[in-house]
Amino acid sequence: MHPATAPGGLPLLGHLPAMVTRPLAFLDTLPALGDPVRVRVGPRDLYIVSTPESIHRVLTERADYDRSGPLYAKIRTFLGNGLATCPHADHRRLRRIVQPAFQRALLPRYAEAMTAETAALTARWRPGRTVDITHEAFTLTTAVAVRTLFSAGLTPGAAERLRHALDVLLRGLYLRVVLPAADLLPTPSRFEYRRALRSWHAGVAGIVADYRARGVDHGDVLSLLLAARDEDGRPLDERELADQVATLVLAGAETTSSALAWALRLVAEHPEVERKLHAEVDAGPADRPARWEDLGQLPYAGQVVNETLRLYPPAWAISRTTARPVELGGARLPAGALVVCCLYLLQRRPDLFPDPTRFDPDRFAPGAVQRDAYLPFGLGATRCLGDRFGAVEATLALATVAGRWRLRPVSDGAVRPVPRLVLSPGPQPVRLTARVSAPAG
């Protein structure tokens, strides 16, 4: 049996225009056609899946579905052969080396950096001022990533160059994934992308070289990676170190900033959620920055983050390439087929999440969630190692902002997500209004 093909494809281009200009609206039409659904992007076929059964198979049956093919080759020009992009053959070794940096015992130390950087960011805010909350969230999470990875410190100039390069690369990479010819066109954006790529690689390599030269254990992630050995006693080589650093900066900065920016916008748009969040914060950390010790008093803030990740999972589409002919959802797929697990569609299925587009943090009250359909951090052996890190950071930052500020969107129009490697809300100007915490009880 052949999979259904999405209608509306154009000669030569297929569904490329829709994937570039309105990808989410286009994807929303696919579940009604079946699972998988064939989508043509220029000369390539993609097979989109969005049911729990198909996604679980693709993400856990590693002998049949690997991280290979032209899409991953394009992503590796930026991230290298890091934990998030390497083929399955390399994954076990790299995961064993990186995993100790994300053990739960280290989270309180990382949370200190999260609290300090959130306090520093919000201390610069002033009542009545308008800020782009997406930019502010990205600034915050980049600072936290840099501080937890490289506690020996970067100069402000070096940190800003990394942040700027990361922003350019993330804006440009989605286009290059769906339109490989973008690198062949002599456009200003192509030259900007290539400059950012050179700056990124040079910056990361310089940081690694500096740490090696110092030979000091700073108690941070990079120090742990430098000291780590695999099961054969081998350390990471220079390229592997640089690739892991690139992956961890991306995971620590872009995915968490997207989740936080969405959460702040959604809270501002839903007064009842905002009231419940403010009441919880006022009974806990109140008008001081939230800390690791406060997390037990912030269950509703955690529910807000979880519901945000359901509606707008940063890793909204995870791809795999078939290693051999397979049958998926009753359809036969050839070897080398690109299968895209659309978590954005999965987590908005009305049969799994009633009234799925409604923002309702109470879905995540104890016992209220169908967990096998909630996969914002992926699944199986390749599930994101930093899931707890990101959730803690977003929760602490959300509670800190809620303790002191009300955010009011400057425009009332619906937010149109901007697909990058993650699902960004795009620029979100909000007006800052100071609030005074109500006394507990």
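Select Glu393 to begin: this residue is buried (under 20% relative accessible area, with a 1.4 Å probe and protein chains only; exposed is over 50%, partly exposed in between), yet Glu393 has no salt bridge. A salt bridge here is a side-chain nitrogen of Lys or Arg within 4 Å of a carboxyl oxygen of Asp or Glu. The nearest side chain of opposite charge to Glu393 is Arg147, 11 Å away; Lys and Arg count as positive, Asp and Glu as negative, and His and the chain ends are not counted.

The model is predicted: local features need pLDDT of at least 70, side-chain atom pairs count only at pLDDT 80 or more, and totals for chains, interfaces and linings use all residues. Residues are numbered from 1 along each chain as its sequence is written, and side-chain values use heavy atoms, with hydrogens and water left out.

Stay at Glu393 and show helix H15, residues 387-404, where Glu393 is found. Helices (H or I, at least four residues) and strands (E, at least two) are DSSP runs, numbered from the N terminus. Which residues is Glu393 in contact with, leaving aside its neighbours within four places in sequence? They are Met114, Leu140, Thr141, Val144, Gly252 and Thr256, where contact means heavy atoms within 4.5 Å.

Next come the salt bridges, of which the structure holds 19. Select Glu240 and Arg93: their closest N and O atoms are 2.7 Å apart. This pair links distant parts of the chain, with Glu240 in helix H11 (residues 238-269) and Arg93 in helix H5 (residues 88-98), 147 residues apart. Arg93 counts as buried because its relative accessible area is 18%.

Move to Glu269 and Arg265, another salt bridge, with closest N and O atoms 2.7 Å apart. Because they are four residues apart in helix H11, about one helical turn separates them.

Now select Glu307 and Arg363, whose salt bridge has its closest N and O atoms 2.9 Å apart. Glu307 lies in helix H13 (residues 299-311), and Arg363 in the loop between helix H14 (343-346) and H15, 56 residues apart. Both Glu307 and Arg363 are buried.

Finally, show the whole protein. Its secondary structure comes to 15 helices and 13 strands, and 55% of its 441 residues count as buried.
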